[in-house]
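Open the structure in your viewer and keep the selection tool at hand. The stops below say what to select next and what is there.

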Amino acid sequence: VPLVRSWDDEHVLFHPGSGDTHLLDDDALRVLAALRAGPATAAQLAARLAPDQEAPAIAALALSLAADLAALGLLERDPA
Amino acid sequence: VKVGDLQPAQLRARLRGDGLLLRTGPYAFRIRSRLAGVADGIARMYADFPLLDGRGFVDFHVQVDSPWNAHRLFRPQVRFLVDGVTPFLPLPLAQAYPMLEWGLNWCVSAHANDHLIVHAAVIEKGGRAAILPAPPGSGKSTLCAALVQRGWRLLSDELTMIRLADRRVTPLPRPVSLKNQSIAVIRDFEPGVVGNRPVADTIKGTVAHIRPPLDSVRRADETCPVGWIVFPQYEPGAATRLSPLPRSRGFMRVADNAFNYSLLGGAGFEALADVVDAAQCYDFTYSQLDEAIAAFDALAAAEVPA
C-alpha cells in the first residue's frame, strides 16, 4: 500500500514496492484512488471519476493519466 | 577539560599514542595520527570541545596516516582508516586535515540510520532549526558560516540529522568547511573568525575550515524541531529574495539531498513528511550576506504559525 501525504493541491506518494517517491497532482491521485476499487476500462474509470459528466472527454483524460502512472510503475495496464 | 587546554606536545602525544577522544553530537571518535597537519588542525578547530577520558564507549576508531608505499618518497600521501578499513583512495599529504573532516562526515553519514541524514547545513534560532539543503556552488556553507557568526547556532554545516524517533534535529557541530572564494568572503565578513590554513588543489578546490562557535559546541546535546527549509542560491548582484515554495516541492528536493532516504524506505518518507508538514519552505536568492542575515532574522522573529 503506497504512503501518501498531501499539501494544498499536490501530493507526494511513496511506493514501497519500488522505493520510489512521486510528486502527483490532484487528478493523478484521483485516478489512483478510483482504481483502488479494482480494475476498470477507460469508460468505467471515467464513470468512477466523474459520474455526472460527459464520459468520452473524461475517459480520454483518465486514460492518458493512467498511462503516465503506469509508466511510473504505479498502475498496471492489462494488455488485453 | 577541553582540547584547547592541552599543550601542543600533549595533543601530539595523544594523537600518536592511544588517540584523542572527541565527542561531536551523539558520536565519540578516537582519532589517531602522527601527522603534524592533523594535530595543528585539531588544535585550531576543536579547541572548545570537551576532552573525553579513555573509559567511555567509542563509536568510531579513526586513523589518518601516511602509508608506507612507493609514493612515500616522491609524492607522500595520506589515508583515512575507520575501524581498520579505508573507505577512500589516498590523497596528497597536504590534504590530511580536510581528509580527516571528510572521513568523520563519512562515518556519520554511512552509519547513523536512526536518523534521516540530509546533505544540508542546519542552524537554529529561537528554538527552531532552518535546514539549508543545496548543491555545491549554491553558497550554502558561506551563508551558514555568516549566520553562525551573527547569533544563529550551528547544528551542522554539512549533515542535517533528523532523528526518526521524534523528528527533531540532532546537532553535530563541527568545523564549517569553506571553498574557494568563500574563504576570503568570510574573512572579510568577520575578521575575528578562527580558520585554518587553506589547502589548495583538493577535489573541491581550495578548502579551509573555520572553528565552530563556542555556544554551538556547548549546546551540542540540545536537539530542536525544524521551523524552516530554505533552499539558498547565491547569485552575484541579485537582490535578496525569499519566496514561499509549495511543501510538496520542498519535500521532493530534500529527499533528493538525503543520504539514506531510500535505505530507510517508508520510515524515511513519514519522518520527512512530518518535518515538511511542520516547516515553512522557501527559495532564497542572495548576494549580500548582511541582507541575507536580516532576512533570516526576520523569519526567526516571526510568530510560530498555528
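Over all chains, the whole structure holds 18 salt bridges, a salt bridge being a side-chain nitrogen of Lys or Arg within 4 Å of a carboxyl oxygen of Asp or Glu. This is a predicted model, in which local features need pLDDT of at least 70 and side-chain atom pairs count only at pLDDT 80 or more, while totals for chains, interfaces and linings use all residues. Residues are numbered from 1 along each chain as its sequence is written, chains are lettered from A in the order in which they are written, and side-chain values use heavy atoms, with hydrogens and water left out.

Select Asp27(A) and Arg30(A): their side chains meet in a salt bridge, 3.0 Å from N to O. Both belong to helix H1 (residues 26-36) of chain A, and because they are 3 residues apart there, about one helical turn separates them. Helices (H or I, at least four residues) and strands (E, at least two) are DSSP runs, numbered from the N terminus.

Next, show both chains. Here 11 residues of chain A are in contact (heavy atoms within 4.5 Å) with 15 residues of chain B. The two chains bury about 1200 Å² between them, 65% of it on carbon and sulfur atoms; this is the accessible area (1.4 Å probe) that two parts lose on being put together, summed over both.

How many salt bridges are there between chain A and chain B? The count is 4. To see a salt bridge across the two chains, select Arg5(A) and Asp274(B), whose side chains meet at 2.6 Å, N to O. On the side of chain A that touches chain B, the elements giving two or more residues are strand S1 (3-7), strand S2 (10-15) and strand S3 (20-25) of chain A. By class, that side has 7 nonpolar, 2 polar and 2 charged residues.

Last, select Asn105(B), Asp157(B), Glu158(B), Arg174(B) and Pro175(B), which lie nearest the centre of the largest cavity among its 13 lining residues. A cavity is a set of points on a 1 Å grid over the protein atoms alone where a 1.4 Å probe fits but cannot get out, and lining residues have an atom within 4 Å of a point. About 110 Å³ of space lies in the largest cavity, a volume being the space filled by probe spheres set on the points. Helix H4 (residues 96-111) of chain B gives the most to the lining, with 3 residues.

How values were computed
1 Å grid on protein atoms, 1.4 Å probe; cavity = no way out; pocket = protein on both sides within 12 Å on 5 of 7 lines; lining within 4 Å. Nonpolar A, V, L, I, M, F, W, Y, C, P; charged D, E, K, R; others polar.
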